[in-house]
Amino acid sequence: MSKIFIHSINHINNISKVITFGIVIFYTLQTFSLNYYEILFIDERILIDDIYNVWLLDDVFNRFGNISNENLKNLMILVTEVSYGGDLRYGRLWSNFFTLIVGPFTILGDSAVITFTRIINSLLFFFGNYLLAKALLNKDRIWIGLLIIYSLPAVEYLHRVPKPDSFLLIFVALGIMKFKIKKYYLSIFYFSIATFIKINTVLILAIISIYVFFI
């Protein structure tokens, strides 16, 4: 009976793997549709604007209008935007990652920037979920777990629209992995980065920190 059960689980896991990849490919293809700046939802526009502010050296608030030296002015704009520019509700780590990777595509126009940003976000979201399933489940159940995750509400939205949650998942998963093998300081480090990306992760960080330092 045990061998039959194990064989069934492996079979279901393999089927789940195929279906999950099919879903990811579907979402990836969808990144090429409705990729016009004028119709972007506000959450997506925030990230696209952050990318443009750095790569087009756009002094949005005219902070350096009194600097006549163009090179110095551009340098100040670059440093300011990378450090604390743009929308800061999710910090700068998330937006700077996309700015570095997607920025060169600004020369190809809005559609290229938007599409490539969505593709990166979609892949990050998949990778984060994969790491989370790997951290929490046995090897023969990872793809079953992933398929279950992809059946949850809001997954489609997070896959389609670049949100810091996709980046957040990776660091949460890495934190769990390190905690399981008792590398507690690395675990706290990863959860701290996750908190920097999105403040609601601070609860997990607090629980892990209390366990490590006081229990």
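Is R160 buried, partly exposed or exposed? In this predicted model, R160 has a relative accessible area of 28%, so it counts as partly exposed. The side chain of R160 meets that of E156 in a salt bridge, with 2.8 Å from N to O. Both residues belong to helix α7, where four residues, about one turn of the helix, separate them. In general, an α-helix has 3.6 residues a turn, so residues three or four places apart point the same way. E156 is partly exposed as well, with a relative accessible area of 41%.

Side chains of opposite charge can pair when their charged atoms come close, and the count of salt bridges comes to seven. One of the salt bridges joins the side chains of R118 and E44, at 2.6 Å from N to O. This pair ties together distant parts of the chain: R118 sits in helix α5 (residues 110-136) and E44 in helix α2 (residues 42-55), 74 residues apart. Both R118 and E44 are buried. A further salt bridge is formed by the side chains of R141 and D140, with an N to O distance of 3.0 Å. R141 is partly exposed, because its relative accessible area is 28%. D140 also falls into the partly exposed class, with a relative accessible area of 22%.

Helix α5, the helix that holds R118, also contains S111. With a relative accessible area of 30%, S111 is partly exposed. Apart from neighbours within four places in sequence, S111 is in contact with N35 and Y36. For N35 there is a specific atom to look for in the structure: the side chain of S111 reaches the backbone oxygen of N35 at 3.1 Å. R89 gives another reference point for S111. The two residues are 22 places apart along the chain, and their C-alpha atoms are separated by 25 Å.

Attention now turns to helix α6, which spans residues 142-149. Six of its eight residues are buried, so the helix is largely enclosed by the rest of the structure. The buried residues of α6 are I142, W143, I144, G145, L146 and I149. A154 has a positive phi of about 80 degrees, although it is not a glycine. A relative accessibility of 49% places A154 among the partly exposed residues, since the exposed class begins only over 50%.

K163 occupies the loop between α7 (155-160) and α8 (164-180). Its relative accessibility is 10%, so K163 counts as buried. The side chain of K163 makes a polar contact with the side chain of D43, at 2.9 Å. Beyond residues up to four places away in sequence, K163 touches D43, Y90, W94, N121, Y157 and L158.

With a relative accessibility of 62%, K182 counts as exposed, whereas K163 counts as buried at 10%.

The last stop is a pair of helices. Two packed helices are described by the angle between their axes and the distance between the axes. Helix α9 (residues 184-197) packs with helix α10 (residues 202-214) at an angle of about 160 degrees, and their axes are 9 Å apart. The two helices are therefore roughly antiparallel to each other, as angles over 145 degrees are classed in this way. The crossing of α9 and α10 is left-handed. On the α9 side, the residues that meet α10 are Y184, Y185, S187, I188, F191, S192 and T195. Their counterparts in α10 are V202, I204, L205, I208, S209, Y211, V212 and F213.

Terms used. Residues are numbered from 1 along each chain as its sequence is written. This is a predicted model: local features need pLDDT of at least 70, side-chain atom pairs count only at pLDDT 80 or more; totals for chains, interfaces and linings use all residues. Side-chain values use heavy atoms; hydrogens and water are left out. Buried means under 20% relative accessible area, exposed over 50%, partly exposed in between (1.4 Å probe, protein chains only). A polar contact is a pair of N or O atoms within 3.5 Å; within protein, one must be able to donate a hydrogen and the other to accept it, and residues adjacent in sequence count only if both atoms are side-chain atoms. Contact means heavy atoms within 4.5 Å. A salt bridge is a side-chain nitrogen of Lys or Arg within 4 Å of a carboxyl oxygen of Asp or Glu. Axes are lines fitted to C-alpha atoms, for helices over the stretch in contact, and angles run from 0 to 180 degrees between N-to-C directions. Angles under 35 degrees count as roughly parallel, over 145 as roughly antiparallel, 65 to 115 as roughly perpendicular and the rest as oblique. A crossing is left-handed if the near helix is turned anticlockwise from the far one by less than a right angle, and right-handed if clockwise.
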